[in-house]
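Okay, thanks for coming, everyone.

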Amino acid sequence: MSELSKTIEDNSRMVPGAYKKVLNMWKNRCETSDKEEHLEELVNRLENVTKRLENVRVQSITETQDSAVQTNTPSPKRSQAVKNSDSVLSASSPHSIEKKAEDKFISMSVAGYKQFLDGPVKEYLQLSEKIGGDVATHSKLVEKAFNIQLEFIQTAASRPAPTNQSEQISLLAPTSAQIQQIQEFREKNRGSQFFNHLSAISESIPALGWVAVSPTPAPYIKEMNDAGQFYTNRVLKEWKEKNKVHAEWCKAWVQTLSVLQEYVRQHYTTGLVWAKTGSAPTGIPPPPPPCMPPMADVTPADIIDDRSALFAEINQGEAITKNLKKVTSDMQTHKNPSLRTGPAPFKAPVVDNAISTKTVPPANAPIDKPPVFTRDGKKWLVEYHKGNKDLLIDNVEMNNVIYMFRCHDSTLVVKGKVNSIVMDSCRKSSVVFDSVVSSIEFVNCQSVQMQVLGKVPTISIDKTDGCQMYLSSDSLDVEFISSKSSEMNVMVPRGNGDYAEYPIPEQFKTTISSKGLSTIAVDSLG
């Protein structure tokens with residue numbers, strides 16, 4: 001009976017054929033005397049199971065019909081209701097659904113940028129006002145740049161993408177001009193005590209150009225943020241112990257660009273999204289090109305005739321020269337000078353020094369130009385100074401180049417680490433510097449001196465007479481490269497604070513060996 005009960009309970013969706021299956025099983029299992037005894041109990045249990053199954057089927061059908069109305073799927077008993085719901089859903093086309101989804105995305109992106117302005121950007125502006133001075137003035141330009149970008153995002157949300165590059169440039173022009181104005185403010189205020197603050201903003205503000213970057217605008221913002229952190233670290237080093245507001249200011253600006261990066265990653269993962277419809281003017285497509293005229297039939301008959309005539313002329317043999325005219329002596333110009341009175345053939349005029357070359361005056365030439373002390377981009381220009389012992393270059397950067405040209409009896413001091421220093425055509429001048437990344441060069445100089453306080457990898461000397469080089473303990477691994485120069489002395493520091501002087505060889509001896517030439521320096525000829 002246990003197996004029979006299990007069979008009845010497992011058939012959750014019993015049909016009339018299941019009754020026969022149960023009865024057959026009962027006939028096979030039960031003996032004749034037990035059939036009547038268990039028949040009544042079996043029928044009662046079957047009736048209970050049938051009622052339960054009917055209730056379950058009615059409930060499932062009702063739920064299926066209700067869900068069919070919601071999912072636009074037809075059901076057997078509510079076909080009329082489903083038709084009515086289909087008519088309601090058909091009123092909204094796929095285009096309208098897509099338009100609603102697009103409007104929702106646009107509103108979220110614009111609202112997200114406004115939230116970004118009210119959060120990190122606002123905090124940065126408040127801290128800039130606390131610091132004041134050039135930082136506060138600079139922050140006003142930055143605030144305007146962010147507002148211009150908000151207008152640009154709203155414009156992109158209301159019109160299709162530009163159809164050509166010139167239109168795209170015109171839309172990006174306000175943002176580009178504001179970024180340039182921010183960077184120019186830094187260049188005009190290099191003497192400011194907040195120069196590192198201005199540099200931190202100027203180096204990282206190009207992050208607002210993410211609107212023109214695809215398909216990865218978020219990493220571009222991170223690169224700009226990292227570029228600005230070089231100067232924020234300088235601000236922290238200089239102001240951390242003096243005023244904690246500056247440290248909070250650095251943290252706020254770095255956080256501003258980090259939040260901007262997250263905003264772009266969330267809303268514009270692969271680039272700026274433009275609206276599919278809008279009020280952008282649409283141009284009229286150009287008319288199709290005209291059809292080509294039918295090509296005329298080209299027959300090679302004429303070409304064949306010309307070729308045959310040419311070969312006929314060539315095959316004449318000696319008779320080919322019978323039509324040539326003889327040049328008599330009265331026609332020869334070398335025998336008749338009167339024939340040479342005609343116009344002579346054209347000859348190009350000879351211009352002396354056709355290729356203009358820049359002549360470099362010697363170092364002892366008189367200086368007849370006003371002194372120059374300026375910066376042109378990454379290059380510092382110190383030119384035509386005479387008797388000036390107070391030349392000073394401060395606030396340098398590691399990619400700067402110092403160029404000292406035609407200075408006489410002058411001294412230049414460079415504070416900080418620069419890329420390289422060049423002394424060209426200088427006389428009785430000297431340069432003192434902290435460290436250089438690549439090298440210091442002396443070209444066409446006379447009686448010059450240098451002193452390094454930090455490290456210098458290479459010293460190059462060319463066409464120079466008289467060069468005194470004072471090294472530091474950190475520059476003992478320096479390399480010297482000299483050519484066409486004389487009176488070169490290296491001053492190496494000792495432990496007692498004094499210097500040991502060593503000359504660089506000027507004379508060399510070369511011998512011929514089995515492997516070629518062999519050259520060694522000669523200390524003395526005596």
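So, start with the largest nonpolar core: it has 46 residues, and Y113, F146, W210 and L260 touch the most other members. By nonpolar core I mean a set of buried Ala, Val, Leu, Ile, Met, Phe, Trp, Tyr and Cys residues joined through side-chain atoms within 4.5 Å. Two or more residues each come from α5 (94–131), α6 (133–156), α7 (165–188), α8 (195–204), α9 and α10 (244–267). Helices here are DSSP runs of H or I, at least four residues, strands are E runs of at least two, and both are numbered from the N terminus.

Take Y113: leaving out residues up to four places away in sequence, it touches F146, Q149, L150, I153, L260 and Y263, where contact means heavy atoms within 4.5 Å. Another core lies apart from the largest one, with 33 residues, V418, I440, C445 and V452 among them.

Quick housekeeping. This is a predicted model, where local features need pLDDT of at least 70, side-chain atom pairs count only at pLDDT 80 or more, and totals for chains, interfaces and linings use all residues. Residues are numbered from 1 along each chain as its sequence is written, and side-chain values use heavy atoms, with hydrogens and water left out.

Now the largest pocket, at about 380 Å³. Grid points are joined across faces, edges and corners, and the volume is the space filled by probe spheres set on the points. Of its 16 lining residues, N196, R234, E238, N395 and V396 are the closest to the centre. α9 gives the most to that lining, five residues.

Which helix holds E238? That's α9, residues 217–239. E238 counts as partly exposed because its relative accessibility is 34%, between the 20% limit for buried and the 50% limit for exposed, with a 1.4 Å probe and protein chains only. E238 and N196 sit 42 residues apart in sequence and 9.4 Å apart C-alpha to C-alpha. Their side chains make a polar contact at 3.4 Å.

Last, confidence: pLDDT, the predictor's confidence in each residue from 0 to 100, averages 79 over the chain, with 72% of residues at 70 or more. Over residues 353–357 it is below 50.

Key
A polar contact is a pair of N or O atoms within 3.5 Å; within protein, one must be able to donate a hydrogen and the other to accept it, and residues adjacent in sequence count only if both atoms are side-chain atoms. On a 1 Å grid over the protein atoms alone, a cavity is a set of points where a 1.4 Å probe fits but cannot get out, and a pocket is an open set with protein on both sides within 12 Å along at least five of seven lines; lining residues have an atom within 4 Å of a point.
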